[in-house]
Amino acid sequence: MLDALTLATGVAALLLAAWCGWAAYRDQPTKDWHFIGMAVVSVLALVQLVVGTVQLARGEKPDQGTTIFVAYLLGAFACVPAAGFMSLAERTRWGSVTVAAGGVVLAVLEVRLYDIWGG
């Protein structure tokens with residue numbers, strides 16, 4: 001795995017979580033700007049999914065097993081979009097809380113991916 005990409009994705013996820021957490025604190029739902037931030041974080045997770053898949057296809061192996069690595073990659077990719085869709089259903093401050101929680105979960109998944117790969 002690319003350590004810089006893992007770090008960038010984790011930091012971007014935490015920034016998104018802080019931003020949406022601030023919106024929730026101010027009693028605001030997710031807005032268009034938040035969805036642009038979610039798209040940026042989702043693109044980083046997609047790039048990581050592609051890079052991880054290519055490395056697996058080249059024969060590189062994670063330390064803790066391929067199956068768990070692929071499961072975490074897919075979970076990391078789906079985390080923020082799922083939170084974004086759920087926030088559309090809840091157009092109150094709790095939608096922002098949902099996206100903030102999704103960002104924190106993605107950051108934790110990034111740490112776990114780093115650990116699974118052998119970092």
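This is a predicted model: local features need pLDDT of at least 70, side-chain atom pairs count only at pLDDT 80 or more; totals for chains, interfaces and linings use all residues.
1. Overall make-up. The secondary structure of the protein chain comes to 4 helices and 0 strands, and, read from the N terminus on, the elements follow the order α-α-α-α.

2. Overall dimensions. The C-alpha trace of the protein chain spans about 50 × 20 × 20 Å along its principal axes.

3. Helix α4 and its end. After α4 comes glycine 118, which has a positive phi, near 120°.

4. Helix α1 against helix α2. Helix α1, residues 3-25, packs with helix α2, residues 32-57, at an angle of about 160°, and their axes are 10 Å apart. Since an angle over 145 degrees counts as roughly antiparallel, α1 is therefore roughly antiparallel to α2. The crossing in which α1 passes α2 is left-handed.

5. Residues between α1 and α2. On the α1 side the contact includes Leu5, Ala12, Leu16 and Trp19, while on the α2 side the residues met include Trp33, Met38, Val41, Leu44 and Val51. Sorted by class, this contact of α1 with α2 has 15 nonpolar and 5 polar residues, with no charged residues.

6. Helix α1 against helix α4. The axes of α1 and α4 come within 8 Å and cross at roughly 160°, an angle that makes α1 roughly antiparallel to α4. This crossing of α1 and α4 is left-handed, and the residues of the contact divide into 15 nonpolar, 6 polar and 3 charged.

7. Helix α3 against helix α4. Helix α3, residues 66-89, and α4 have axes that come within 8 Å and cross at roughly 170°, so α3 is roughly antiparallel to α4.

8. Residues between α3 and α4. Among the α3 residues in this contact are Ile68, Phe69, Tyr72, Leu73, Cys79 and Met86, and among those they meet in α4 are Val99, Val105, Leu109, Glu110, Arg112 and Trp117. The residues of the contact of α3 with α4 divide into 16 nonpolar, 6 polar and 2 charged. As background for reading such lists, residues three or four places apart in an α-helix point the same way, because there are 3.6 residues a turn.

Key:
Residues are numbered from 1 along each chain as its sequence is written. Side-chain values use heavy atoms; hydrogens and water are left out. Helices (H or I, at least four residues) and strands (E, at least two) are DSSP runs, numbered from the N terminus. Axes are lines fitted to C-alpha atoms, for helices over the stretch in contact, and angles run from 0 to 180 degrees between N-to-C directions. Angles under 35 degrees count as roughly parallel, over 145 as roughly antiparallel, 65 to 115 as roughly perpendicular and the rest as oblique. A crossing is left-handed if the near helix is turned anticlockwise from the far one by less than a right angle, and right-handed if clockwise. Contact means heavy atoms within 4.5 Å. Ala, Val, Leu, Ile, Met, Phe, Trp, Tyr, Cys and Pro count as nonpolar, Asp, Glu, Lys and Arg as charged, and the others, Gly among them, as polar.
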